[in-house]
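Hi there,

Here is the structure I promised to pass on to you. Please open it next to this email and follow along as you read.

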Amino acid sequence: MNLLILGDVMGASGRSALKNNLPKIIAENKIDFVIVNGENAADDGRGITKLIAEEFFLKGVDVITSGNHIWDKKEILEYIKIEKRLLRPANMHKDLPGKGINIFKKKGFKICVINLMTNMFMLKSENVFKKTASIIKNIKLKKNVDFIIVDVHGEFAGEKIALGHMLDGKSTLVFGSHTHVPTADNIILSKGTAYQTDLGMCGDYNSVIGLNKKIFLNNFLKIKNKQKNIPASGKVTICGSIVKANNKTGLAVSIKQL
């Protein structure tokens, strides 16, 4: 099973790059399953809409994960109730709509996707480690499902790395999202789980984490006429990783950055 995971899609330019290139990437790399973090995909870089999500699905995305910006577009509160391919962090408050875990069937396999959010410097949510422990107690690799993929959306690398080790041998892949900066630590952990602290973003890197660098700097310098920042709209780099997984064990064989 070949898995493609892509970092946070940033604004209209990130969407355009995905729309123009994703089918080719899927074909050239013989990809079987695609996950994209879409919480910054709206024009202003905050949230996602029904129209954007459905465009992603049409282009070959199987599951959209998210994080702290999932509720920024209010229409998602209703859409996420019916669209099971759009996830929000599982450790958000239980009364919020949508799911943080779902099982998808593809090419005869059951693929479990889990969306989590860390606790440090993020929106208040349930302890991510306790939530993870309760999830993996009930969903086991090669017992309940064939593959388990985990998106850990968070700021602090230490939490992501610790969760990677916690899930080593119990999941196919653990990857981080949110910082928009790709890390060079893609690795197969000691018990066979693929791991990367952050995939980066699908956006314009001539920016500050995908936002207009001039506005960002002016706001930091506290220059008068503070502006609300907008996504940078220059040349886009698509960032993510491709993971090859063993169909018999459900564990990773390789991980390479895209």
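Val128, Phe129, Thr132 and Ala133 in helix H4 meet Glu159, Ala162, Leu163 and Met166 in helix H5, where contact means heavy atoms within 4.5 Å. By class, the residues of this contact are six nonpolar, one polar and one charged. Here Ala, Val, Leu, Ile, Met, Phe, Trp, Tyr, Cys and Pro count as nonpolar, Asp, Glu, Lys and Arg as charged, and the others, Gly among them, as polar. Helices (H or I, at least four residues) and strands (E, at least two) are DSSP runs, numbered from the N terminus.

Please keep in mind that this is a predicted model: local features need pLDDT of at least 70, side-chain atom pairs count only at pLDDT 80 or more, and totals for chains, interfaces and linings use all residues. Residues are numbered from 1 along each chain as its sequence is written, and side-chain values use heavy atoms, with hydrogens and water left out.

Back to the pair. H4 covers residues 128-138 and H5 residues 157-166; their axes lie 11 Å apart and the packing angle is about 20°. That makes H4 roughly parallel to H5 (angles under 35 degrees count as roughly parallel, over 145 as roughly antiparallel, 65 to 115 as roughly perpendicular and the rest as oblique). Axes are lines fitted to C-alpha atoms, for helices over the stretch in contact, and angles run from 0 to 180 degrees between N-to-C directions. The crossing of H4 and H5 is right-handed; a crossing is left-handed if the near helix is turned anticlockwise from the far one by less than a right angle, and right-handed if clockwise.

Which residues of H4 are buried? They are Val128, Lys131, Thr132, Ile135 and Ile136. Buried means under 20% relative accessible area, exposed over 50%, and partly exposed in between (1.4 Å probe, protein chains only). Looking down the axis of H4, you will find its buried residues within an arc of 125°, so they line one face of the helix. The arc is that of the directions from the helix axis to the C-beta atoms. On the other side of H4, Lys130, Lys137 and Asn138 are exposed. The cover over the buried residues of H4 includes strand S5 (101-106), strand S6 (109-117) and H5.

H5 has buried residues too: Glu159, Lys160, Leu163 and Gly164. Down the axis of H5 these fall within an arc of 140°, so they line one face of the helix. They pack against H4, strand S7 (147-153), strand S8 (173-177) and strand S10 (194-196).

Now for another helix pair. The axes of helix H1 (residues 11-28) and helix H2 (residues 50-58) come within 10 Å and cross at roughly 25°. H1 and H2 are therefore roughly parallel to each other, and their crossing is left-handed. Arg15, Leu18 and Lys19 in H1 meet Ile52, Glu55 and Phe56 in H2. This contact has three nonpolar, no polar and three charged residues.

Finally, have a look at some lysines. Most residues other than glycine have a negative phi. Lysine 107, in the loop between S5 and S6, has a positive phi of about 55°, and at 55% relative accessibility it counts as exposed. Lysine 142, in the loop between H4 and S7, has a positive phi of about 70°; at 33% relative accessibility, lysine 142 counts as partly exposed.

Happy exploring!
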